[in-house]
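User: I would like a close look at a single part of this model, with the criteria stated.
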Amino acid sequence: ICHNVPLALVVLHALNANGVKPLLICDKATYATLRASRLTSGIILAGNIGAGPHRVSAVINAHHRRQAIDIVMASDVQGLCILDEIRDELLPPLYPMPDRRTLDVLNDKWEFYQLVTALGLNAPKTLFIADRQCMDTDHIAHEIGFPAAVKPVAGWASMGLKIVSSV
C-alpha cells in the first residue's frame with residue numbers, strides 16, 4: 001500500500017533488489033506515476049484508498065483468495081495507518097508493524113524526542129514551537145545556538161526543513 005511516490009520508489013527498488021515484484025494498492029497520483037513501472041507486477045486498486053480502508057481489505061482478500069499473497073506491507077505512514085485499521089480483516093499476513101499509538105509517537109518528531117530523552121538516550125537539543133509566528137530567534141539562539149534546523153513536526157523526509165545560520 002502506498003501514497004507517497006518517492007517513498008514508494010525507495011521500497012519498490014529495495015524489493016526488486018531482492019527479487020520481489022509486488023502488487024500495489026495506491027492513490028491516483030501514485031498510480032499515474034507507477035502504472036507503467038517495471039518495479040511492480042501490477043496495481044490491483046488505485047483511488048482514494050484513505051477514504052475506504054475496508055474496500056482496501058476487500059480487494060486484498062479477494063485477490064488472496066484467487067492467488068495467495070505472501071505478505072501485505074506499506075511503504076509510508078498513510079499506508080501503515082490504513083493497515084492498522086484493517087489488520088483484523090485481512091486474510092494474508094501483515095509485515096510486522098507498530099500499532100497506531102506507537103506509530104503516532106514514532107512519526108511525531110516532538111513525541112519521539114520526548115520518548116528518546118525520557119529513556120535517557122542522546123538527542124540533539126530540540127525545542128517545540130507551536131506556531132511559526134511564535135518563533136523567537138533569541139530563545140532559539142540561547143537554547144540551541146546556531147546553526148539550527150527548523151522542521152515542521154508533520155513534515156516527512158526533508159519536507160519543510162530549513163537550516164538557520166544566525167539570528
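Is Trp110 buried, partly exposed or exposed, by its relative accessibility? Please also describe the aromatic residues around Trp110.

Analyst: The model is predicted, so local features need pLDDT of at least 70 and side-chain atom pairs count only at pLDDT 80 or more, whereas totals for chains, interfaces and linings use all residues. Residues are numbered from 1 along each chain as its sequence is written, and side-chain values use heavy atoms, with hydrogens and water left out.

Trp110 counts as partly exposed, because its relative accessibility is 22%; buried means under 20% relative accessible area, exposed over 50%, and partly exposed in between, with a 1.4 Å probe and protein chains only. Its relative accessibility of 19% makes Tyr113 buried. Both Trp110 and Tyr113 belong to helix α6 (residues 109-118), 3 residues apart, or about one turn of the helix. Helices here are DSSP runs of H or I with at least four residues, numbered from the N terminus.

Rings of Phe, Tyr and Trp (its six-membered ring) pair if their centres lie within 6.5 Å; planes under 30 degrees apart count as stacked, over 60 as edge-to-face and the rest as tilted.

Trp110 is partly exposed at 22%. With Phe128, its ring forms a tilted pair, the centres being 5.5 Å apart and the planes at 35°. Phe128 lies in the loop between α6 and α7 (137-143), so this pair ties together parts that are 18 residues apart in sequence. Phe128 is partly exposed, at 44% relative accessible area. Together, Trp110, Tyr113 and Phe128 make up one aromatic cluster.

Definitions and conventions
Helices (H or I, at least four residues) and strands (E, at least two) are DSSP runs, numbered from the N terminus.
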